[in-house]
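Here's a quick briefing to read alongside the coordinates.

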Amino acid sequence: MHRKVIAPSVLAASLLLVIPASAASSVPGAPGIGDPYYPASGNGGYDVSHYDLRLQYQPKTDLLEGTATLLATAKQDLSRFNLDFGLKVSEIRVNGVKARFATSGEHELEVTPAQPLQRNKQASVVVKYAGKPSEFKVDGWSAWQRTPDGGVAAQEPDSASWWFPSNDHPLDKATFDVSVNVPDGTQAISNGVLQSQSSRLGWTRYNWRSNKPQATYLTTLAIGKFDITTDKTSSGLPILNAYSTDLGENAGAARASVERTGEVAEWLEGVFGPYPFNAVGGYVPNVPTGFALETQTRPFYSPRQFQSGSNISVVVHELAHQWYGDSVSVEGWKDIWINEGFARYSQWLWSEKEGEGTAQELAAWAYGQRAADDPFWQVKPGDPGPDNQFHGAVYDRGAIAIQALRNEVGDEKFFQILKGWPTERAYGNAKVGDFVRYAEKISNKPLAQLFETWLYTPGKPSFAPPAAALSKTGRALKAPAAQPVEPKSWKKIAATDSIHEH
């Protein structure tokens, strides 16, 4: 027998001929999406277009079992990619073939497909998993709250890792189908529209669909026993509200507030333009926390928001986020003012509509509440830092900045900006600078210095409103008093400050 001897250099050259170019050039995706506030959040190398979550949850044990299917497009040739997830995974398939996987850090799931993913090609990623969400912690805290009859996923800036694998950052939005199987007599609430409901062998399955791009932290799940009300807005938009059956003394005030969701949404359409999603509503589970959250189409409210009676202002705040924060989302978490400044200002506009204090009066009062040496004025709303992301200055100083803009450009241009921005940037992401440039374009005025002063310069700026102004209705507003008088709505709005105790 004659055996042909192949020199190593010849063998290497021949192997290169059969290795696909994509495999030779493929590299791992980054373990973070590049947000300086949260370096571990999100992942690089791919975009998810759709999540299909098929879940089963047992309230008695807090056991969640799931199969998540992600449709993702590689932005580079990927030899490996990460998902953000904290529960135990049993199997992952990429394009139908089993993939290797490992964990690292606190919530990184590293996936190595059998074949590298090709740039600009869509792939399916199927993850099978099970675990108890309440047992998973990141830096000692959890986005999953146990309730007497179930559990709730709602938190900012992260909540997905507790119940589904994802690219967990607002930069990568996707549509969602969430199907949840729970014991009969228990309900499962999620975002969007309830497509169907069916029962079999002691279990009931709820199928929810959110058909517009949605950030992962805005995707919510609430399982328990709820009283559910349904209605429609005047334009036919479906409204679904849900209340835990054991809210106790807060039940009446919660209903009296959240049942006005349709009314508030219709009013906000007049301020911000057409409602951007396929459903609207809210839910109030029996949780001990005090915050509220703008989970897309169905805001989450803690019962404590209603412990002093009805609280329409918090409903206004969370529904305003559907435009400012949900449809137009932050590009990075440093841009949080685009969310919170405008949601707080919407509360001031509601007060103006209700005759309980104009936005100018509220801005003047908020401005006068803190002396120049108060640390409040050292927080920069345009870049507050991760420790101050939900600081009161992002809300109140941020809203005063918006009133300063209104005073500078006048009501006609101001409300044109408020309504045009969510249309211009619908279902996308934006930086603070993008809004500044848009406001300059619409007003035809240089505004960079105004925003630099109010959003980025530590210290208490001067706030000199015009002697007279017009309200949105065209009526003349009173000239500001030398000594501001507390607006009637001030305490109601201040009562919602726990909204940002995330």
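Is S327 buried or exposed? Keep in mind that this is a predicted model. With a relative accessible area of 2%, S327 is buried, because anything under 20% gets that label.

**Around S327**
- You'll find S327 in the loop that runs between helix 5 (312-320) and strand 22 (329-330).
- Leaving out residues up to four places away in sequence, S327 touches K173, P276, F277, H321, Q322, P422, R425, A426, Y427 and G428.

- Four strands make up an open sheet with mixed pairing, in the order 1-4-8-7.
- Its edges are strand 1 (27-28) and strand 7 (100-104), each of which pairs on one side only.
- Strand 4 (residues 78-84) runs antiparallel to strand 8 (residues 108-112), and four bridges link the two.

**The cavity**
- Searching the whole structure for cavities of 30 Å³ or more turns up one.
- The volume of the largest cavity is about 60 Å³.
- Its lining consists of Y46, V48, L70, A72, T73, A74, L78, F81, L83, L117 and V125.
- Strand 2 (46-58), strand 3 (63-74) and strand 4 are the elements that each give two or more residues to this lining.
- Strand 3 gives the most, with four residues.
- Sorted by class, the lining of the largest cavity comes out as ten nonpolar residues, one polar and no charged.

**Helix 11**
- Helix 11 (residues 448-456) has L450, F451, W454 and L455 buried.
- Look down the axis of helix 11 and those buried residues fall within an arc of 95 degrees, so they line one face of the helix.
- What do the buried residues of helix 11 pack against? Their partners are helix 6 (337-354), helix 7 (359-368), helix 8 (392-409) and helix 10 (432-443).

Terms used
Residues are numbered from 1 along each chain as its sequence is written. This is a predicted model: local features need pLDDT of at least 70, side-chain atom pairs count only at pLDDT 80 or more; totals for chains, interfaces and linings use all residues. Side-chain values use heavy atoms; hydrogens and water are left out. Two strands pair if DSSP finds at least two bridges between them. Buried means under 20% relative accessible area, exposed over 50%, partly exposed in between (1.4 Å probe, protein chains only). The arc is that of the directions from the helix axis to the C-beta atoms. Contact means heavy atoms within 4.5 Å. On a 1 Å grid over the protein atoms alone, a cavity is a set of points where a 1.4 Å probe fits but cannot get out, and a pocket is an open set with protein on both sides within 12 Å along at least five of seven lines; lining residues have an atom within 4 Å of a point. Grid points are joined across faces, edges and corners, and a volume is the space filled by probe spheres set on the points. Ala, Val, Leu, Ile, Met, Phe, Trp, Tyr, Cys and Pro count as nonpolar, Asp, Glu, Lys and Arg as charged, and the others, Gly among them, as polar.
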